[in-house]
Amino acid sequence: MCIDAQMLSAYLDGELKEPYRTQVEEHLEYCSACRHHLEDMKALDERISGAAYPQEELTRKKDQIFQLLDKKYFQEGKKVSFIRRRLEVSVPAFMTAAAAVVFIFIGGFMFFGTSAEQTGDILPSFAVQADGSNVRYVANEASLDSFTLEEILHYLDSKGYNVDISIKGLQPLEQAISEAE
Amino acid sequence: MEIKSTDRDDFRRVYDANYGLLVQVVMHIVYNLEIAEDLTQEAFERFYVKNMTFPSEDDARYWLLHVAKNLALNHIRRNKREIEMVEKVKRMPSVAIDSRDGAKEAIEAENREEVRKAIAALPENLRLVIQLKEFSGLDYKSISKVLGISETNVKVRVFRARKKLEEALSMEERDVY
């Protein structure tokens, strides 16, 4: 009895396990029909594998794509994110520190007043010049409170200022429309 | 040796060892070199992004082949080109990819086209198996891992694919002569 074609196919691929392998080999010794069959199969196999695309054509962009990936994941990926992370942390931290300094500075005036003595505690060099003898109060007689809004606007207008006034919570109509679009 | 997909040296090694293989396999599914290159790149990106560890280089290869194959099949399905695939291969520029062939190799080039056409006409389950077998040089065990089927199943499908190809190719010869 001749060899099953499927077995022959597996034999051709070197995937046939013992003891079948030896049996097939023994059979092939004396059976020319099976030998022919195997030869045909081998020829077909070579023909099929010959249809593979040539490697040099397929790998034309190999290095290019690798460099792209390398850049994306191994170079920029790591370094940029490292820098970005530093920036993300350091900028707000710096801002917070600056804000804290300003807050304490202003807070000092707010809570302790601005008498020359206490100013001297906070700003010694300024306090020397700014005590009662050389500071003149200019807004004692008439403050802004003693003028109406119209008067102030009229005054500013007469001085050549262009003043825009908006009301809190209200948007100019054109702007609201353009934002809706 | 263990492979970590986000390790640069490991990545490089796996890339070098498998790039050509992946393009080859994908190419036989999509029949367009640019698309094949894109999908191969995508497969490697996923390989990195998934940040996985493989027990060996072979396992990384199986994973990559599996992913690349699925990407290619999805691409085909999305683009609904499967029906006209045979036509596509026919139209596909043997010029573009085989242009380096001289006149001497014209017959070989023609043979290649015929075989590709015959393979493209196979049902998908047979096509993938025979492609992995013939073009990737994988053994039955590797193919079974890539496709997630049993080794016996691989053996049967390789045989059936060969049988069909034999019929298709000898029929063509009869047509010609």
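In chain B of this predicted model, helix α1 (residues 8-30) packs against helix α7 (residues 124-136) at an angle of about 140°, and the axes of the two helices are 10 Å apart. That angle makes α1(B) oblique to α7(B), and the crossing in which α1(B) passes α7(B) is right-handed. On the side of α1(B), the contact is made by B:Leu21, B:Gln24, B:Val25 and B:His28, while α7(B) contributes B:Gln131, B:Leu132, B:Phe135 and B:Ser136. Sorted by class, the residues of this contact are four nonpolar and four polar, with no charged residues.

The contact between the chains takes 29 residues from chain B and 26 residues from chain A. On the side of chain B that touches chain A, at least two residues each are supplied by α1, α2 (33-49), α6 (106-120), α7 and α9 (151-176) of chain B. That side of chain B has 14 nonpolar, four polar and 11 charged residues.

The largest nonpolar core has 52 residues, and those with the most contacts inside it include B:Leu22, B:Val26, B:Met27, B:Ala43 and B:Val129. Two or more residues of this core come from each of α1, α2, α3 (57-79), α6, α7, α8 (140-147) and α9 of chain B, and the largest share, 12 residues, comes from α1(B). In soluble globular proteins, nonpolar side chains tend to be buried together.

Chain A has nine helices and zero strands. Of the 181 residues in chain A, buried residues make up 7%, and among the contacts in chain A with a separation of 6 or more, 38% are between residues 24 or more positions apart.

Most residues other than glycine have a negative phi, and most peptide bonds are trans.

In chain A, a cis peptide bond with an omega of about 5° joins A:Glu18 and A:Pro19, and A:Pro19 lies in the loop between α1 (5-12) and α2 (20-30) of chain A.

Conventions: Residues are numbered from 1 along each chain as its sequence is written. Chains are lettered from A and ligands numbered from 1 in the order in which they are written. This is a predicted model: local features need pLDDT of at least 70, side-chain atom pairs count only at pLDDT 80 or more; totals for chains, interfaces and linings use all residues. Axes are lines fitted to C-alpha atoms, for helices over the stretch in contact, and angles run from 0 to 180 degrees between N-to-C directions. Helices (H or I, at least four residues) and strands (E, at least two) are DSSP runs, numbered from the N terminus. Angles under 35 degrees count as roughly parallel, over 145 as roughly antiparallel, 65 to 115 as roughly perpendicular and the rest as oblique. A crossing is left-handed if the near helix is turned anticlockwise from the far one by less than a right angle, and right-handed if clockwise. Two residues are in contact if their C-beta atoms, placed from the backbone, lie within 7 Å. Ala, Val, Leu, Ile, Met, Phe, Trp, Tyr, Cys and Pro count as nonpolar, Asp, Glu, Lys and Arg as charged, and the others, Gly among them, as polar. A residue is buried if 20 or more other C-beta atoms lie within 10 Å of its own, exposed if 12 or fewer, and partly exposed in between; C-beta atoms are placed from the backbone. A nonpolar core is a set of buried Ala, Val, Leu, Ile, Met, Phe, Trp, Tyr and Cys residues joined through C-beta atoms within 7 Å.
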